[in-house]
Amino acid sequence: MDPVVITIVVIVVLVLALGVRTVRIVPQARVGIIQRLGNYQRTAEAGVAIVVPFVDRMLPLIDMREQVVSFPPQPVITSDNVTINVTSVIYYQILDAKNSAYQVANLLAAMEQLTQTTLRNVMGGLTLDISLTGRDQVNAQLRMVLDEVTEKWGVRVNRLELKDIAPPKDIQLAMEKQMQAERQKRATIL
């Protein structure tokens, strides 16, 4: 083969490789954080983004849609010293991609830890009966605290729900016996 042809092929391959590294496509509802020499340079919105090879770097894409995360059951002690397991679900949306990338190291882990500690504080001030019946009150208090903290992370907490509140088996049995006794009492009165 002719050395000129080989040189042309190598140059074409290098130009194509640089073109692939330069032009990035950001899908709808996602954004990319572009760093220039390790510093924040800009946020690339959906569409075509030009990245200077070897100078710029695009971090993994950030999804701007509402996200749902379910956290595992968390043991919580109520004010009347009953340990209950509470499973929570959080609905959140990233509003500022730059802050979500730079203000907190691991967004999901931070939100989980914040939810758990706040849940312990809120539920620790309630009795078992109120914690079982006052989910809306607990949800509102949790959301307020989470919104306050996650705002600087560029995140808005849309909803926080207590998916399941499970008291210990012996407490459940005692509650069922109490309900049966109340039914029998009403039946006797009638």
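**What the labels rest on**

Analyst: The buried residues of α3 pack against β8 (74-77), β9 (83-94), α4 (128-133), α5 (135-150) and β10 (155-166). Contact here means heavy atoms within 4.5 Å. Helices (H or I, at least four residues) and strands (E, at least two) are DSSP runs numbered from the N terminus. This is a predicted model, where local features need pLDDT of at least 70 and side-chain atom pairs count only at pLDDT 80 or more, while totals for chains, interfaces and linings use all residues. Residues are numbered from 1 along each chain as its sequence is written, and side-chain values use heavy atoms, leaving out hydrogens and water.

User: Why does S100 count as buried?

Analyst: Buried means under 20% relative accessible area, exposed over 50%, and partly exposed in between (1.4 Å probe, protein chains only). S100 has 9% relative accessibility, so it falls under the buried cut-off. This serine lies in helix α2 (residues 97-102). Leaving aside residues up to four places away in sequence, S100 touches I62, I94 and W153.

User: And why is E112 called partly exposed?

Analyst: Its relative accessible area is 21%, so E112 belongs to the class between 20% and 50%. E112 is in helix α3, and its contacts, not counting residues up to four places away in sequence, are F71 and P72.

User: Which residues of α3 are buried?

Analyst: They are L107, A110, M111, L114, T115, Q116, T118, L119, V122 and M123.

User: How do you know what span to expect of helix α3?

Analyst: The expected span is 1.5 Å times one less than the number of residues. Helix α3 (residues 107-124) has 18 residues, and the rule gives 26 Å. From first C-alpha to last, α3 reaches 25 Å, close to that expectation.

User: What does the radius of gyration say when set against a compact globule?

Analyst: The radius is taken over C-alpha atoms, and the globule rule is 2.2 Å times the number of residues to the power 0.38. For 190 residues a compact globule would be near 16 Å, but the protein has 27 Å. Along the principal axes, the C-alpha atoms fill a box of roughly 105 × 35 × 25 Å.

User: How many helices and strands are there, and what share of the residues is buried?

Analyst: The protein has six helices and ten strands, and 33% of its 190 residues are buried.
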